[in-house]
Amino acid sequence: MPVPDLASYPRPHLAVDLVALTLGPAGVGARTPELGLVVLRRSDSTAALPGRFVRERQTVKATVAELLDAKLGLRPRRRIELAMLDVYDAPDRDERAWAVSVAYSTGLREDEVARAIDSGAEVIGVHGAAERGRRVTRESLAYDHDQMVTTAVRRLRRRYERSPDPLGLLRAPYTLSQLRRAHEAVLDTPLRRDTFNRRMREFLEPATDSRGEDLYTSATVGRPAQLFVPVRRSRRDPEAGPFPLPREE
């Protein structure tokens, strides 16, 4: 069998798009955070996910690192968890060229988002049912980015039914109230406090100081609240746990 001449095959551009989710304030004076999406504005003011074309002989992983640095001004010191969403290859998905996109999702903390905003990004709120074919942002995003975001949010919510802050949107240690509000933001619904606390406690352990004594914070209304950290991954299945979490009626 003759070897095909690969140079004769048309080659699409390969891109990486990033669904970066975070927690942000719901409004002035609000105590409850909301789930937010990091976007950039095109020249026509349309919001779009941070994205980048893969250069010749460059890996997708290297492109993601380059994207975080060049588009969001981030060189994270911690390990950023990346989850591949899907490959988006509709021939007309990008009006600029024939482009295939590999979409990933990740979570950013407050300080990381602040640096991204300094680099020209902004955060828009995410609300509503993340069902296929539906949009979870108030404005439409460029290209097929709405599909990517809906998929990322749907999968993220499944994880937040099972495990305490699996994407690491909060910086540990945190109180149970802080953890519950984070889950309410991701799930976009109020949760029953007592039942939530009981279900999550088995996946948490008290934060301690250098002497092994439990840590508390006074930055809460009322008496000091105990601080917790997730148990080590070696001691639990990070996706184990009951779901769905009980909602407030």
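In the loop between H3 and H4 lies Pro173, and the peptide bond that leads from Ala172 to Pro173 is cis, with omega near 5°; helices (H or I, at least four residues) and strands (E, at least two) are DSSP runs, numbered from the N terminus. The model is a predicted one, in which local features need pLDDT of at least 70 and side-chain atom pairs count only at pLDDT 80 or more, while totals for chains, interfaces and linings use all residues. Residues are numbered from 1 along each chain as its sequence is written, and side-chain values use heavy atoms, with hydrogens and water left out.

Helix H3 (residues 145-162) packs with helix H4 (residues 176-187) at an angle of about 150°, their axes being 9 Å apart, where axes are lines fitted to C-alpha atoms, for helices over the stretch in contact, and angles run from 0 to 180 degrees between N-to-C directions. H3 is therefore roughly antiparallel to H4, a term that applies to angles over 145 degrees. The contact (heavy atoms within 4.5 Å) is formed by Leu156, Arg157, Tyr160 and Glu161 of H3 together with His183, Val186 and Leu187 of H4.

Two residues other than glycine have positive phi values: Ser45, at about 75°, is placed in the loop between strand S2 (33-41) and strand S3 (47-48), and Arg57, with phi near 65°, is in the loop between strand S4 (51-53) and helix H1 (60-72).

Arg42 lies over the face of Tyr143, 5.1 Å from the ring centre, the criterion being that NZ of Lys or CZ of Arg is within 6 Å of the ring centre and within 35 degrees of the ring normal.

Key: Angles under 35 degrees count as roughly parallel, over 145 as roughly antiparallel, 65 to 115 as roughly perpendicular and the rest as oblique.
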